[in-house]
Each structure stands twice: as C-alpha cells, then as structure tokens.
Amino acid sequence: MTDDSAGREQATKVLLKDPVMAAFLAWLIPGLGHLYQGRIAKGILFFICIMGTYVYGAYLGGSSQLGYARAVYFSFRNDEWRLPYLCQIGVGLPSMPALVQAMRMNDNKKVLFGGFMAPPRRVDTVETDPNFDQPTLDKLQLTLNRFFELATVYTMIAGLLNVLAIYDALSGPVIMPPTKKEKQPKQSDQKSAKS
Amino acid sequence: MNPTLFATLMERLWNADIWYSLPLIVAVSLVYAATRNEEMDRIIIHAVRFGLWIITFMALFFVLLWWLSG
C-alpha cells in the first residue's frame with residue numbers, strides 16, 4: 001500500500017458525524033466540533049492553541065483602567081470601520097460580546113462590564129452620553145501603545161486559524177502527497193523482492 | 001567585543017518585540033499541522049518542520065532587509 005492510499009484510508013476512517021453541525025460547533029468554540037466528532041486530541045489541541053492565542057491577545061489589548069479586550073470590538077460607523085473584526089469573528093462565541101456592546105453603544109445605553117470589548121467612543125460624544133467615560137480610539141492607542149496592534153494581530157490570527165479548524169471539522173484532514181523519500185523504496189526492500 | 005556593548009545588546013534582544021512572534025509561530029504550526037494529519041505524532045513532526053520553516057523564512061527576510069537598509 002502506498003503512502004498516498006494509506007493517507008486516503010486514514011481520511012476515510014475519520015468519522016465526521018454531522019459535518020455541518022461539527023463545523024458550526026467548531027466556529028462557536030474552537031475544538032468543540034472535533035470533540036463532538038470524537039476527535040478528542042485534536043479538539044483539545046485546537047482549543048488550547050486557538051483560544052490561547054485569542055485570550056492572550058485579549059489580555060494584551062486592555063487594562064484594568066481602560067477595560068479588557070479593547071482590541072476586539074465591532075464598529076461600522078461611517079468614519080470608523082473596524083475591519084479586523086471580520087477576522088476576529090472567526091472565533092465565534094468569544095467575539096459575540098463585541099456585537100452586544102456595539103448595539104448598546106449605538107442605542108445610547110451604557111456598555112457592560114467596564115467596557116469589555118466595547119468600541120471606543122467618538123471624539124464628539126457629548127458629556128451627557130452614558131458612555132462619555134469610555135476612552136476614544138486615540139486614548140486607547142496612546143495608553144496601550146504597540147500592545148493595541150499586537151492584541152489586534154493575535155486575535156485576528158486566532159480567528160483565521162479557527163477557519164482552518166472549522167474546515168477540518170467539516171471535511172476531515174487534508175491528505176498530504178507522499179514526499180520523494182517516501183516514494184523511493186528502500187534498497188533492502190528491493191533486494192528482498194529480487195531474492 | 002566591549003562588555004558594556006554586549007550587555008546592552010543582550011538587554012535589547014531580551015526586551016525585543018520579536019519574542020511576541022514565538023507563541024504565534026507555535027500556534028500556527030500546530031494548527032496547520034493538525035489540519036493536515038490526524039495522528040498526534042505526525043502532527044507534532046509536521047508542526048516542528050513547519051515552525052522551523054517559518055523561522056528560517058523570517059530570518060532570511062531579516063537579513064535581506066538589513067542588507068537593503070545599508
């Protein structure tokens with residue numbers, strides 16, 4: 001049996017159960033889809049790697065004064081498009097608070113949990129606004145310095161990595177073609193075949 | 001090399017932001033390898049090779065940019 005066919009056999013042995021449900025669960029929480037499929041080791045691996053990256057990024061992008069996870073927020077106001085959120089949403093459930101906070105701010109309601117994942121307030125916010133105590137984007141970048149960008153990068157990469165994990169839950173592992181070394185039979189195998 | 005200069009270089013290296021790339025390299029390598037294999041030992045081997053490839057690529061580009069910067 002060649003390594004390519006061995007790989008295909010391995011792939012067919014992976015039971016995907018309901019792939020769409022597994023993919024949805026994998027989007028919701030990294031690794032959950034794989035746990036649902038019984039692929040425990042990979043599920044734990046994805047959870048630790050992706051959530052670890054995401055949580056560390058959330059930690060870097062905040063403080064007790066400004067609120068945590070400030071680098072993860074949703075904003076599509078006319079003059080302030082937060083495009084990194086399109087990658088951060090790759091990690092589904094942990095990124096949802098950003099949507100809630102954005103809706104609250106949009107409805108002139110005070111954001112929750114000290115500004116956790118809340119969008120920065122606009123510069124022209126009036127003093128009577130319930131979110132006037134929230135920092136502006138300038139204040140965030142001035143206070144957090146390079147850690148704001150680092151946090152954005154970490155959480156974006158976590159989201160993008162989860163897209164790979166979702167695809168793995170949906171379709172199983174991608175079969176690798178055999179390397180040149182694996183293709184060439186060993187000399188001892190050739191000699192035993194001749195004898 | 002001047003000991004003071006060496007100590008300064010070591011301190012700058014220790015505090016360099018490049019170290020923040022290490023957790024990312026580890027996470028990316030492991031996740032990528034896990035999407036290409038199913039068995040844990042094959043995942044680890046693939047991840048190590050991929051991580052070393054990333055580091056080599058970054059080092060080559062560092063040398064190239066350093067050379068271009070004169």
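Predicted model: local features only at pLDDT ≥ 70, side-chain atom pairs only at ≥ 80, totals over all residues.
Student: How many residues of chain B are in contact with chain A?

Tutor: A count of residues on each side is a plain way to begin. Here 17 residues of chain B are in contact with 25 residues of chain A. Between them the two chains bury about 2000 Å², and 71% of that area is on carbon and sulfur atoms.

Student: What is the count of salt bridges and of residue pairs in polar contact between chain B and chain A?

Tutor: Chain B and chain A share 3 salt bridges. The count of residue pairs in polar contact between the two chains is 6, with both residues at pLDDT 80 or more.

Student: Which elements give two or more residues to the side of chain B that touches chain A?

Tutor: They are helix H2 (21–34) and helix H3 (40–68) of chain B. H2(B) supplies the largest share, 7 residues. By residue class, the side of chain B that touches chain A divides into 10 nonpolar, 3 polar and 4 charged.

Student: How does one check H3(B) as a helix, and what span should its residues have?

Tutor: Compare the expected span with the distance between the end C-alpha atoms. At 1.5 Å a residue, the 29 residues of H3(B) should span 42 Å, and its end C-alpha atoms are 42 Å apart, so the two values agree. Just after H3(B), Gly70(B) takes a positive phi of about 75°.

Student: Which residues of H3(B) are buried?

Tutor: The general idea comes from the helix repeat. An α-helix has 3.6 residues a turn, so residues three or four places apart point the same way. In this model the buried residues of H3(B) are Ile43(B), His46(B), Ala47(B), Gly51(B) and Ile54(B). These buried residues pack against helix H4 (40–60) of chain A together with H2 of chain B.

Student: Where does Glu38(B) lie, and is this residue buried or exposed?

Tutor: Glu38(B) is in the loop between H2 and H3 of chain B. Its relative accessible area is 17%, and the cut-off for buried is under 20%, so Glu38(B) is buried.

Student: With which residues does the side chain of Glu38(B) make polar contacts?

Tutor: For a charged residue, look for its partners. The side chain of Glu38(B) makes a polar contact of 2.8 Å with the side chain of Arg39(A). A second polar contact, of 3.2 Å, joins it to the side chain of Lys42(A). Glu38(B) and Lys42(A) also form a salt bridge, with their closest N and O atoms 3.2 Å apart.

Student: Which residues are linked with Glu38(B) in a network of salt bridges?

Tutor: The network links Glu38(B) with Arg39(A), Lys42(A) and Asp168(A). Within it, the side chains of Asp168(A) and Arg39(A) meet at 2.7 Å, N to O. That pair links distant parts of the chain: Asp168(A) is in helix H8 (residues 146–171) of chain A, while Arg39(A) is in the loop between helix H3 (32–36) and H4 of chain A, 129 residues apart. Asp168(A) is buried at 1% relative accessible area, and Arg39(A) counts as buried at 7%.

Student: Which chains does the salt bridge of Asp17(B) with Arg146(A) join?

Tutor: The closest N and O atoms of Asp17(B) and Arg146(A) are 2.7 Å apart. Asp17(B) lies in the loop between helix H1 (3–14) and H2 of chain B and Arg146(A) in helix H8 of chain A, so the pair joins two chains. Asp17(B) is partly exposed at 34% relative accessible area, and Arg146(A) is partly exposed at 38%.

Student: How many salt bridges does the structure hold over all chains?

Tutor: The total is 7. One of chain A's pairs is Asp124(A) with Arg122(A), at 3.2 Å, N to O. Asp124(A) is exposed, with a relative accessible area of 53%, and Arg122(A) counts as partly exposed at 31%.

Student: Is Gln101(A) buried or exposed, and what does its side chain reach?

Tutor: Gln101(A), in helix H6 (residues 92–106) of chain A, is buried with a relative accessible area of 2%. Its side chain reaches the backbone oxygen of Phe116(A) at 2.7 Å. Leaving aside neighbours within four places in sequence, the residues in contact with Gln101(A) include Val111(A), Leu112(A), Met117(A) and Pro119(A).

Methods. Residues numbered from 1 in each chain as written. Chains lettered and ligands numbered in written order. Heavy atoms only, no water. Contact = heavy atoms within 4.5 Å. Buried area = accessible area lost by both parts, 1.4 Å probe. Salt bridge = Lys/Arg side-chain N within 4 Å of Asp/Glu carboxyl O. Polar contact = N/O pair within 3.5 Å; in protein donor to acceptor, adjacent residues only side chain to side chain. Helix = DSSP H or I, 4+ residues; strand = E, 2+ residues; numbered from the N terminus. Nonpolar A, V, L, I, M, F, W, Y, C, P; charged D, E, K, R; others polar. Buried < 20%, exposed > 50% of the residue type's maximum accessible area, 1.4 Å probe, protein only. Expected span 1.5 Å × (residues − 1).
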